[in-house]
Amino acid sequence: MNGMKKSFLRVLSTGMLAGVLTFALAMPVWASEDITTNELRIQAGSTQAYINGSKQAIAKPYKINGVTMVPVGVFKKAFGSEIRLESNDVVKIKEGAHTVTITIDSPIAWVDGVKKDMGASPKMVNGVLMVPLRVVAAGIGATLAPTSSGEIVIRLAQTESPTDMDDDLDVDADKTRIGNSYYGWSINYPEDMITLQSEEQERMMSFGPVDESYYLQVYVTDQNAALDADDLLHQLEQESKEAEDIVLDRQAVNQTNTPYARIVVKDKDGMFWEIRQYIHDDRLYTIYFADYDAVYYKDLDQHAALLNSFQPTYDQSDDSIKDLSTVVEGMRYVHNGDYGIELNVPAGWSMDNNELSYQAKDGAYLEMTVSSTPKGATVQQWSEQLDKWMLEAFTLDNYEPIRSYSMDMSGETAKVQEFRYNFGDGWQTEYNVLLQKGDYRYYVEYSFPEDQKQNRAWFERIVESIYIDFDIVADNFGQLEEDYYLIDKTKQRTRTSKRYQYSVDIPRYWTPYNDQFEQSPVAYTFTGGEFSIAADEEKTLEMTVSQLKEGYTRASQTRKNFKLMNSEKITFAGVPAFSFTYHDVEKAVPYTGRQIVFEKNGITYTITSGLNDANRTEVQAAILEKAVNSFTFIK
């Protein structure tokens, strides 16, 4: 609890990004339609800017690689430009017909749909978003001119007059509450309260006033257990003990329509916090509130009206609530700037935008990869190679092709393969989308358990939402790594361990889990199988074998599906060895495992291999056996 609170403290500095990176800043109401030219004067290293001759305090501009970086808020202050946070790191600056889209930590901007290199990347500095001045200013239609004194003069002709800083807080004048419709909560919306930060999936949102006198965070987690107010209070007390906070006040409130628990603590830094928890519709809502100026814990009482206004519900018909949710029709916008890929995914899924990997709790998942196009290769060849790979990875009883067809993806024709497979724990449907353009291939893998019917409907909606800027990959990458599914299974590489004095041939298509061969163990996985080598300099061969036999006996007695199929002495890698073969079921998936134990020069080795029954094809079984038998001692 304490770590979570501290990580979001002092997110913004006073007056720097106030009212800017909120989720939906409406354009201000203009007083006149006369054309005027508004002027902003700014200088690197100075915290003073001049807007139409009026001095304003701003975060200090600086230069990097010859590029002047300024707080993004100056464009709103000077010109009334709309600044909108599209996602955790994508910001749009809109002025009239112009739109500049920037991504935090990326030097690429999109100006009215045209890609521009800004020469430097936007950065969060002490809670303020600093952006390259020239590209953004020119992008919204302004002109720039340096002066002999080092100032930069930015002028923009407009048919409107910009509002001043105080007016920025009036754009939501008709909103008296703020909340999130997707996660179902709302709270009073004081005039001076702004949004400080939002976690990508919106589970966490934090707020504070312009004067930074307090900090408010709403954090939502899934909670299926039936808890009452007393349970919640006990939970808060336990978390406080773990955080080493001093508990000053506590209360379990059962008499209201919405039971909750509250606790007031003083943390190790002397900060006073009130933390509340609510349970509603299988969700746990936790409110963290800190008063930066509080001297005594009772000073928090002045904020009781705000805290008491929290409701773990959202009234869709209430127009007075400002909705911070970015979820549209159950989907959330995500993107990866390195590959120039944008798409919508179901809102409740976990998201890894760096890896373009998204997953639902029910087992559905979406993955997208980009690889280089092999010279002279076609999509049809690609499709045939994938078919061959699946036939080699699953037995005939556990794999069934369904159909192949074409569909549009990002304005291009892509090939879709639909099939089903079963590891032993139930049938899974999978769609593979193959798109080849120029020197690169774009691959989408969408899979879901067949009994989760709602996930089938997501597929077409997701693919329809995918937008790919094909130039981005060509600009950012050269030759990319080989597609995992197309690696020749006969290819291998010899790995050696000087410390443990052995070598082994590892198939290139296996995925390393731990491949540091001077350490122990090393481990690899592949579809439906695993392989590992452990080397122990402490345990003797006799001790290791004895412990394995005890484990097998215990498993036979306690696990109904475990069966030791074979136990024998063999010669392996030229030395005496013990071999154990067993069959088991793990998470409803049946598999056969084998362990070979042997010793040389005071080191005891254990080779463990396993292969699911559904994946025990002739090809995979032969490759695994070959890898095991390739183990060789070296000097």
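Modeller: Before we start, a quick definition: partly exposed means a relative accessible area between the buried limit, under 20%, and the exposed one, over 50%. And keep in mind that this is a predicted model.

Colleague: Got it. So is isoleucine 64 buried, exposed or partly exposed?

Modeller: Isoleucine 64 has 38% relative accessibility, so it counts as partly exposed.

Colleague: Which strand is isoleucine 64 in?

Modeller: Isoleucine 64 belongs to strand β4, residues 62-64.

Colleague: And what does isoleucine 64 touch, leaving out residues up to four places away in sequence?

Modeller: With those left out, isoleucine 64 touches Met69 and Ala120.

Colleague: Switching to rings. How many aromatic pairs does the structure hold?

Modeller: There are 41 aromatic pairs. Take phenylalanine 562 and tyrosine 582: the ring centres are 5.6 Å apart and the planes are at 25 degrees, so this pair is stacked.

Colleague: Where do phenylalanine 562 and tyrosine 582 sit?

Modeller: Phenylalanine 562 is in the loop between α9 (541-558) and β40 (563-572), while tyrosine 582 is in strand β41 (residues 575-586), so the pair ties together parts that are 20 residues apart in sequence.

Colleague: Is phenylalanine 562 buried or exposed? And tyrosine 582, buried or exposed?

Modeller: Phenylalanine 562 is buried, at 9% relative accessible area. Tyrosine 582 is buried as well, also at 9%.

Colleague: Which residues do ring pairs link into a cluster?

Modeller: The cluster includes Tyr502, Trp510, Phe531, Phe598 and Phe633.

Colleague: What about charges over rings? What sits over the ring of tyrosine 182?

Modeller: That's the charged end of arginine 332, 5.7 Å from the ring centre. In another case, lysine 437 lies over the face of phenylalanine 470, at 5.4 Å from the ring centre.

Colleague: Which residues of α6 are buried?

Modeller: Trp382, Ser383, Leu386, Trp389, Met390, Glu392 and Ala393.

Colleague: Why would residues three or four places apart in an α-helix point the same way?

Modeller: An α-helix has 3.6 residues a turn, so residues at that spacing point the same way.

Colleague: And what do the buried residues of α6 pack against?

Modeller: They pack against strands β30 (399-409), β31 (412-422), β32 (427-437) and β33 (440-449), plus helix α10 (618-629).

Colleague: Sheets next. In what order do the three strands of the open sheet with β26 come?

Modeller: The order is β25-β26-β34, with antiparallel pairing. β25 (331-336) and β34 (467-468) are at the edges with a single partner strand each, so one side of each has no neighbour in the sheet.

Colleague: Which helix packs on that sheet?

Modeller: Helix α7, residues 454-465, packs on it and touches β25, β26 and β34. The direction of α7 makes about 155 degrees with that of β26.

Colleague: How many bridges join β26 to β34?

Modeller: Two bridges join strand β26 (residues 341-346) to β34. Glutamate 342 is opposite tyrosine 467 in β34.

Colleague: Last topic, β22. Why is β22 described as largely enclosed?

Modeller: Seven of the nine residues of β22 (residues 272-280) are buried, so the strand is largely enclosed by the rest of the structure.

Colleague: How many bridges join β21 to β22?

Modeller: Seven bridges join β21 (residues 260-266) to β22, and the two run antiparallel. Alanine 261 has glutamine 277 in β22 as its bridge partner. The two strands form a hairpin with five residues between them, and glycine 270 in the turn has a positive phi of about 85 degrees.

Colleague: And over how many bridges do β22 and β23 pair?

Modeller: β22 and β23 (residues 283-291) pair over nine bridges, in the antiparallel sense. Glutamate 274 has phenylalanine 289 in β23 as its bridge partner. This hairpin has two residues between the strands, and aspartate 281 in the turn has a positive phi of about 50 degrees.

Technical notes
Residues are numbered from 1 along each chain as its sequence is written. This is a predicted model: local features need pLDDT of at least 70, side-chain atom pairs count only at pLDDT 80 or more; totals for chains, interfaces and linings use all residues. Side-chain values use heavy atoms; hydrogens and water are left out. Helices (H or I, at least four residues) and strands (E, at least two) are DSSP runs, numbered from the N terminus. Buried means under 20% relative accessible area, exposed over 50%, partly exposed in between (1.4 Å probe, protein chains only). Contact means heavy atoms within 4.5 Å. Rings of Phe, Tyr and Trp (its six-membered ring) pair if their centres lie within 6.5 Å; planes under 30 degrees apart count as stacked, over 60 as edge-to-face and the rest as tilted. A charge sits over a ring if NZ of Lys or CZ of Arg is within 6 Å of the ring centre and within 35 degrees of the ring normal. Two strands pair if DSSP finds at least two bridges between them. Axes are lines fitted to C-alpha atoms, for helices over the stretch in contact, and angles run from 0 to 180 degrees between N-to-C directions.
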